[in-house]
Amino acid sequence: MESGGVNEGRLSSDGEGVGHQNFHSLGERQQRTLLLHGYILSITSNAVSNATNDAASLKSWKRIPGPRTLPILGCALQFLPGGPLHKLTGYNFSEYLFNNYGSIVRVEGLFGTPPFILLFDPEDMAQVLRSENWTPERPGFDSLEYFRKKYRNSDPEKSTGLLTEHGDKWKSFRSAVNPVMLQPKIIKLYNTSLDEVAMDMIESSRVGCVRPLSLFYSDESADEVEKRSLVPRSRSHARLRRNATMSHAFSMRSLRNNQNMISEPFDVEMNKWALESIGVVALGGRIGCLRTDLPPDSPARRLIQCVHDIFRIADELDFKPSLWRFITTSNFKRAMKVYQEQIDLSKHFIQQARKQIDEKKITGTEEKGVLEKLLEVDETTAVIMATDTLFAGVDTAANTIIATLYLLAINPDKQAKLREEILSKDERRPYLKACIKESMRLLPIVSGNLRRATKDYNIKGYLIPKGLNVVMNHEFISKQESQYDRPKEYIPERWIHKSEESVNSRAHPMATSPFGFGTRSCIGRRIAELEMETFLARIIEHFHVEWFGPPLKQETRSITYMGSPHLPRSSYISFGLDKPSKNDIEATERSCLLILFAIDRLHLLIVGRLRHVFVSSSTNIPTPAKDV
Ligand code: HEM
């Protein structure tokens, strides 16, 4: 079954394909609705009717078990207070669905969003992921897609980037950036600059945590540490040596309180490290966010806040009940502002970088950043990719490193083993890689992968038609006994070949997949791995990490945040955004939800009454008199 155009699978109600031209000629509301709703129509009107003969013997996907749904409303009401799914996110959400409905679950769409089919059997997940065509589609970020394609009135011929494109446009963009962003030998060139950032982070004594995590200085002199160190020397490392006494004895110690805790919000510090690191890769220069006197309204701090806001607001609009596809809600307005702000801030850094590139052309031959390399290919691609990198590379890496430090802190034996490896003469560091990999198995920032089926599938006897959204629940699977021994424990050894605890043969290759799968997998993977390995090695080389307080809390907001994010939950502090007044916040959506809640109660009441009538009437049926 083939449907034409870039947005394959998006069909109008009469079954006509909505290519880019058609899509852009539609009205704004129609477009907003179609961005997601169109997929549903494609499923019902086209895919099933075109199914093969074999498919005729399959059960409809609508018969897949799942939470109770109502016409139009889907299962929105299950998410309201009192509903079983209320406030369930991430692992808990998956666990509830698996325990109640089994290994394939249908969750109906909310307010025009399409339904999702959740898979809990890795073999089924493999079937979908491996059979996808060369342009796999990943749903999510629909409001961002709307912003980039429609709200900004962009040229329909131009690509909007990897996060929001599909089909051929995605493919040609990805082919252009893959050689620059994924080749290990190119990425390795950033080793020295990333190590500079890591060392600056340590030198600036800003590694630490107010609350539970505290980092203990190893009490060795900087010279001793340096003598042992095998990581290539960088300029900042040399500077560290010059200032050894001051940077360690003065800064580090003086910033820690008498419990060895540093009174700076740890998550913000890790975000600064992540932004600085991704900056050197994306832009080829330093952003400067490790400065101790960085003003709260500096572009770097604003960008960090903006990335938080995007993940949070995208979660509200794209994954939770929201009416933005039908009416302009206050959240929708805020989303449009925050998406624009991210572009403006990125442009600010890109312009700075371009100036530096021009200067560098005259003065030197330092390693080129992704921006410079892509500028040689095509300017639009370069700017879009740099913007997306400054967005996708910050909270992801920061939260993965927080999770890893937490797990090493509560597993001191593993931390000691890692330190031993780092301090050894061996340049290969398998245990370092294993520590990060195991942390991404246990506390991944992305709990599952999403795909919009690009063909029909037979999964467990159900016909999953092209166009339907499928969720692979990797995080849930990777914590099951069926896959790993002692699955809830942090055992980096599982990933070391020939180790006694190495991954046992029953773990399915799809069980853990923190960077996604196939041609559409994370383009920042190699960069993120190098950043994290470099930084983690430096931290463990210099500190004993300990954790105080209750277990780490996780909060899902499109991605999973580790620990309660420092910034207040409900504030859109993004500078340039109005703070929402209490009355303003989602008034429209809330009243609609209340009406729906009332409908649901009414529905329950009616069903309950009818059941009561049937039950009582059946119990009142007089027993037929026995024939004598
Ligand atoms: C620990 C860090 C990171 C994790 C765990 C992570 C995870 C992921 C995952 C799961 C996907 C979806 C893949 C799929 O659908 O198969 C993804 C996509 C993506 N990531 Fe990352 N990511 C990380 C860091 C980064 C960084 C540093 C960048 C910046 C270069 C980045 C840029 C992207 C982009 C642009 C996509 C979309 C790719 C496409 O659709 O072609 N990520 N990431």
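His508 is partly exposed, because 16 other C-beta atoms lie within 10 Å, and a residue counts as buried only from 20 or more. The model is predicted. His508 is found in the loop between helix 21 and helix 22. Leaving aside neighbours within four places in sequence, His508 is in contact with Pro122 and Gln483. His508 also lies 9.3 Å from Ala126, C-alpha to C-alpha, although 382 residues separate the two in sequence.

Ala511 is placed in the loop between helix 21 and helix 22, and counts as buried because 22 C-beta neighbours are found inside 10 Å. With residues up to four places away in sequence not counted, Ala511 touches Pro122, His474, Ile477, Ser478 and Gln483. Pro122 and Gln483 are also the contacts listed for His508. The C-alpha atoms of Ala511 and Arg138 are separated by 19 Å, at a distance of 373 residues along the chain. Cys522 lies in the loop that runs between helix 21 (474-477) and helix 22 (525-542). An unreviewed UniProt entry places the feature "binding site" at Cys522. Cys522 counts as buried because it has 20 C-beta neighbours inside 10 Å. Its contacts, not counting residues up to four places away in sequence, are Phe515 and Gly516.

The protein as a whole has 628 residues, of which 46% count as buried. Its secondary structure comes to 23 helices and 11 strands. Among contacts with a separation of 6 or more, 75% are made by residues 24 or more positions apart. The largest nonpolar core has 96 residues, and the members with the most contacts inside it are Leu275, Ile310, Val370, Leu371, Ala386, Ile401 and Ile402. Ala386 is in contact with Ala282, Leu283, Ser346, Ile350, Val370 and Leu371, when neighbours within four places in sequence are left aside. A second, separate core has 33 residues, including Leu119, Val128, Ile464 and Val471.

Strands of a sheet pair through backbone hydrogen bonds, either parallel or antiparallel. Strand 2 and strand 3 (residues 116-119) run antiparallel and are joined by four bridges. Within this pair, Val107 stands opposite Phe116 in strand 3.

The buried residues of helix 5 are Pro122, Asp124, Met125, Val128 and Leu129. These residues lie on the same side of helix 5, because they cover an arc of only 155 degrees around the axis. An α-helix has 3.6 residues a turn, so residues three or four places apart point the same way. The cover over the buried residues of helix 5 includes strand 2, strand 3, strand 5, strand 6, strand 8 and helix 21. The face turned away from the buried side of helix 5 carries the exposed residues Glu123, Arg130 and Ser131.

Strand 1 and strand 7 (residues 462-464) run parallel and are joined by two bridges. Ser60 has Leu463 as its bridge partner in strand 7.

A further pairing involves strand 10 (residues 554-557) and strand 11 (residues 559-562), which are antiparallel over four bridges. In this pair, Gln554 stands opposite Met562 in strand 11. Strand 10 and strand 11 form a hairpin with one residue between them, and Ser558 in the turn has a positive phi of about 70 degrees.

Key: Residues are numbered from 1 along each chain as its sequence is written. This is a predicted model: local features need pLDDT of at least 70, side-chain atom pairs count only at pLDDT 80 or more; totals for chains, interfaces and linings use all residues. UniProt positions are given in the numbering used here, feature names are shortened, and annotations may be inferred rather than shown by experiment. A residue is buried if 20 or more other C-beta atoms lie within 10 Å of its own, exposed if 12 or fewer, and partly exposed in between; C-beta atoms are placed from the backbone. Two residues are in contact if their C-beta atoms, placed from the backbone, lie within 7 Å. A nonpolar core is a set of buried Ala, Val, Leu, Ile, Met, Phe, Trp, Tyr and Cys residues joined through C-beta atoms within 7 Å. Two strands pair if DSSP finds at least two bridges between them. The arc is that of the directions from the helix axis to the C-beta atoms.
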